[in-house]
Amino acid sequence: MSQVVGRDDLLLVTLDTLRFDVAAELAGAGRLPNLAAHLPGGRWEERHAPGSFTYASHHSMFAGFLPTPAAPGPHPRLFAARFEGSESTADRTYVFDAPDLVSGLADAGYRTVCIGGVGFFNKRGALGSVLPGMFQESHWEPEFGVASPTSFEAQVARAERVVAELPAGQRLFLFVNVPSLHQPNWFHLPGATREAGDSRATHAAALEYVDRHIGRLFAAASSRRRCFTIVCSDHGTAYGDDGWTGHRLGHESVWTVPYAHFFLEPGAH
C-alpha cells in the first residue's frame, strides 16, 4: 500500500451487516457473478470484524483496523497510523500521521468522498454526522437509506456523478456504505412480507440485489485509472442463531465477516 497510495484511486465498500456464511454460500453457488469475478479465487476471505455494530466497526476501519484474518497472527495491515510498538505495521503498510485514514489520505492529496447508507451516515443529527464528517465530501438522502428497496442503485448513481465531476488528475478515495443487507431487507425477496419480517433468505436476496448493480460502481471507480478496491462487511447479524437475533452482540454470526481486496483495471468492466 505504500506504493499504491498516491498512484491509484481507492474504493472501500462496506456491505453493512453481511454475514460471512451467507456471502460464502452465494459465491460458491454462482449466485454472485459480478462480485465473484473479482474475488481472489472466486472466494471470500473469512475475517473477524473490528466491531459488532456499524459505528464501532467503521471507527476502527477508518483508523486502519480493517477486519482481521481469521487465523493466528500477527497480520500486517494495509494502513496504519504511526505509533510506537505496532506489531501489525510492516514495510509495505501505508503509514499516516493523521488521526484517521480518511484525513491521512486527504493529506496525501486524495479527494475523500463518503456515500452513506445506514443511519450512522445520515447527517440528520450529531451522531449521524461523526463518520461522514471525516470526509471532505459526503452524501446521504432518504433514497440511500435502509428503508429504500432501491438504495444501492441510488448510491451507485451518485457515485457515477461524483467520479464524472472530478478533474482527471485528482486522486479519489471513495467510500460507500451499502445498507441493503441491514434490516429491513424482506422486500428484496419476491413473495416475502413485512409481517413475516427478515430472514437469512431475505438477507441472501439482498446480497444478490447488490451484486446485480455493483458492476456499475466498479466501472465508475476504475474509469479514470487503476483502483485498489476493498469490499467487506463491518459486522454480521443473527437470525435466531442459538437463540440470538440482531447484532451488537458477541455471537459468531456477528463477528465473522467476508472480506476481499483487489485491483480494478481501467476499462475492464
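1. Just after α3, Gly64 takes a positive phi of about 100°. Please bear in mind, here and below, that this is a predicted model.

2. Now the chain as a whole. The secondary structure comes to 8 helices and 12 strands. The radius of gyration is 18 Å, close to the 18 Å that the globule rule gives for 269 residues, so the chain is as compact as a globular protein of that length. Along the principal axes, the C-alpha trace spans about 50 × 40 × 40 Å. Buried residues account for 53% of the 269 residues. If you look at contacts between residues at least 6 apart in sequence, 70% of them join residues at least 24 apart.

3. Next, the interior. In soluble globular proteins, nonpolar side chains tend to be buried together. Here the largest nonpolar core has 43 residues, and those with the most contacts inside it are Leu11, Leu15, Trp44, Leu174, Leu207 and Leu217. Two or more residues each come from β1, α1, β6 (111-115), α6 (151-165), β8, α7, β9 (227-232) and β12 (256-264). The largest share, 10 residues, is given by α7. Apart from this core lies another, of 30 residues, among them Phe62, Ala81, Ile230 and Cys232.

4. Leaving aside residues up to four places away in sequence, Leu11 touches Leu174, Val176, Leu217, Phe218, Ala221, Cys227, Phe228, Thr229 and Ile230. Two of these partners, Leu174 and Leu217, are also listed with Leu11 among the residues with the most contacts inside the largest core.

5. Which helix does α6 run alongside? The axes of α6 and α7 come within 9 Å and cross at roughly 5°. That angle makes α6 roughly parallel to α7, because the cut-off for this class is under 35 degrees. On the α6 side, the residues that meet α7 are Ser151, Phe152, Glu153, Val156, Ala157, Ala159, Glu160 and Val163; their partners in α7 are Tyr209, Val210, His213, Ile214, Arg216, Leu217 and Ala220. The residues of this contact divide into 10 nonpolar, 2 polar and 3 charged.

6. A few backbone details deserve a second look. Most residues other than glycine have a negative phi, and most peptide bonds are trans. Thr17, in the loop between β1 (9-15) and α1 (20-28), has a positive phi near 80°. Arg248, in the loop between β11 (244-246) and α8 (252-255), also has a positive phi, near 60°. Are these two residues buried or exposed? Thr17 is buried, with a relative accessible area of 0%, whereas Arg248 is exposed, with a relative accessible area of 60%.

7. Finally, the cis peptide bonds. One joins Gly73 and Pro74, with omega about 10°; Pro74 sits in the loop between β3 (68-69) and β4 (79-81). Another runs from Gln183 to Pro184, with omega near 0°; Pro184 belongs to the loop between β8 (172-178) and α7 (200-221).

Terms used:
Residues are numbered from 1 along each chain as its sequence is written. Side-chain values use heavy atoms; hydrogens and water are left out. Helices (H or I, at least four residues) and strands (E, at least two) are DSSP runs, numbered from the N terminus. Buried means under 20% relative accessible area, exposed over 50%, partly exposed in between (1.4 Å probe, protein chains only). A nonpolar core is a set of buried Ala, Val, Leu, Ile, Met, Phe, Trp, Tyr and Cys residues joined through side-chain atoms within 4.5 Å. Contact means heavy atoms within 4.5 Å. Axes are lines fitted to C-alpha atoms, for helices over the stretch in contact, and angles run from 0 to 180 degrees between N-to-C directions. Angles under 35 degrees count as roughly parallel, over 145 as roughly antiparallel, 65 to 115 as roughly perpendicular and the rest as oblique. Ala, Val, Leu, Ile, Met, Phe, Trp, Tyr, Cys and Pro count as nonpolar, Asp, Glu, Lys and Arg as charged, and the others, Gly among them, as polar. The radius of gyration is taken over C-alpha atoms; the globule rule is 2.2 Å times the number of residues to the power 0.38.
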